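This report looks at aromatic side chains and at a surface patch in one protein model. The structure is shown first, and the notes follow.

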Amino acid sequence: MSAGPATAAGPVAAPLRPGRTWTAAYDIRLALPLGAFFLVFFLAPLALLVLVSFYADPAMTRFGLDQYARFLLDPFSLRVLGATLWLGVEVTALTLLLGLPLALLLTWAPGRLRGLLTLIVLLPLLTSVVVRTFAWIVILGRQGIVNAALLGLGLTDAPLKLLYTEGGLVLALAQVQLPLMVLPLVTALSRIDPNLADASAALGAGAWRTFLRVTLPLCLPGIVAGCLLTFAAAITAFITQSLIGGGQMLFMPMYLYQQASSLNNWPFAAAIAIVFLVAVLACVALLNLAGRLSGGRARA
């Protein structure tokens with residue numbers, strides 16, 4: 001049985017009949033396993049979480065909005081939410097600052113060097129996040145590599161407190177999340193026609209002006225994608241926040257964990273999770289909107 005007419009180059013797909021949609025050409029049933037997985041392991045738990053968050057008391061005997069009111073009217077809870085979102089902003093900014101030059105170098109590097117740089121970028125993804133975090137504990141400790149170097153160079157008289165500080169946490173999270181920023185940037189930079197830079201140079205623009213007026217606007221989709229991935233991963237990095245923070249800094253993942261596991265207040269923990277989810281989705285929507293607006297201006 002033949003699916004369509006054959007030519008010297010091979011069989012040719014039959015054209016779509018009038019009124020036949022693309023969903024018929026690509027059988028929608030192929031997506032059913034993924035849809036079932038998504039329904040069972042994401043939508044159903046999320047619906048259960050929303051239901052639990054509407055219980056007014058820890059014993060879950062009556063419904064109400066008490067848990068949401070408790071969170072939104074509590075200055076301490078709002079400070080934890082603000083600190084978590086600000087941590088994501090700091091990590092995203094540092095990761096972009098480190099990742100953009102690395103992505104440019106990786107894009108412009110010749111074959112073998114490019115392969116080596118790609119391996120270095122991907123290396124953190126090949127190791128456990130626990131191992132990477134414990135490595136940062138060794139690096140940032142009072143007798144770690146950084147303090148030993150500073151003392152050896154005579155730049156300080158006593159070891160600096162780098163571990164269990166927000167600066168150390170931002171540095172560790174930036175290194176852990178760096179591949180999530182670099183890979184979208186490399187993809188965006190690789191799609192830029194190199195003739196555009198040559199044309200800019202031929203018109204008298206310098207390297208910096210070409211970068212700011214040509215390269216940077218055209219790689220904005222990669223910047224937005226990298227910022228979205230890095231921000232979402234940084235504010236939910238429970239292990240790194242717990243180990244590097246050392247319990248001296250409280251962020252939303254640990255706050256939620258304490259309410260659920262230590263205090264057994266499941267309704268309040270569920271309300272924290274829903275508020276956190278809404279806040280993260282709002283930030284992601286803002287980033288996405290900024291990316292669309294900047295992309296439109298770049299195309300203009």
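## A charge over a ring

In this predicted model, the side chain of Arg70 lies over the face of Phe268, at 3.9 Å from the ring centre. Phe268 also belongs to a cluster, in which ring pairs link it with Phe71, Phe76 and Tyr255.

## Aromatic pairs

A pair of aromatic rings is described by the distance of the centres and the angle of the planes. The structure holds nine aromatic pairs, and one of them joins Trp208 to Phe211 in an edge-to-face arrangement, with 6.2 Å centre to centre and 85° between the planes.

Both Trp208 and Phe211 lie in helix α10, which spans residues 207-218, and they are three residues apart, about one turn of the helix. The two partners fall into separate exposure classes: Trp208 has a relative accessible area of 66% and counts as exposed because that value is over 50%, whereas Phe211, with a relative accessible area of 15%, counts as buried because that value is under 20%.

## A nonpolar surface patch

On the surface, a nonpolar patch is formed by Phe37, Phe38, Leu39, Val40, Phe41, Phe42 and Leu43, which together have about 720 Å² of accessible area.

Notes
Residues numbered from 1 in each chain as written. Predicted model: local features only at pLDDT ≥ 70, side-chain atom pairs only at ≥ 80, totals over all residues. Heavy atoms only, no water. Phe/Tyr/Trp six-rings, centres within 6.5 Å; stacked < 30°, edge-to-face > 60°. Helix = DSSP H or I, 4+ residues; strand = E, 2+ residues; numbered from the N terminus. Buried < 20%, exposed > 50% of the residue type's maximum accessible area, 1.4 Å probe, protein only. Lys NZ or Arg CZ within 6 Å of the ring centre and 35° of its normal. Patch = residues over 30% accessible without salt bridge, like charges linked within 9 Å, V, L, I, M, F, W, Y side chains within 5 Å. Areas by Shrake-Rupley, 256 points an atom, 1.4 Å probe, with all protein chains shown as cover. Salt bridge = Lys/Arg side-chain N within 4 Å of Asp/Glu carboxyl O.
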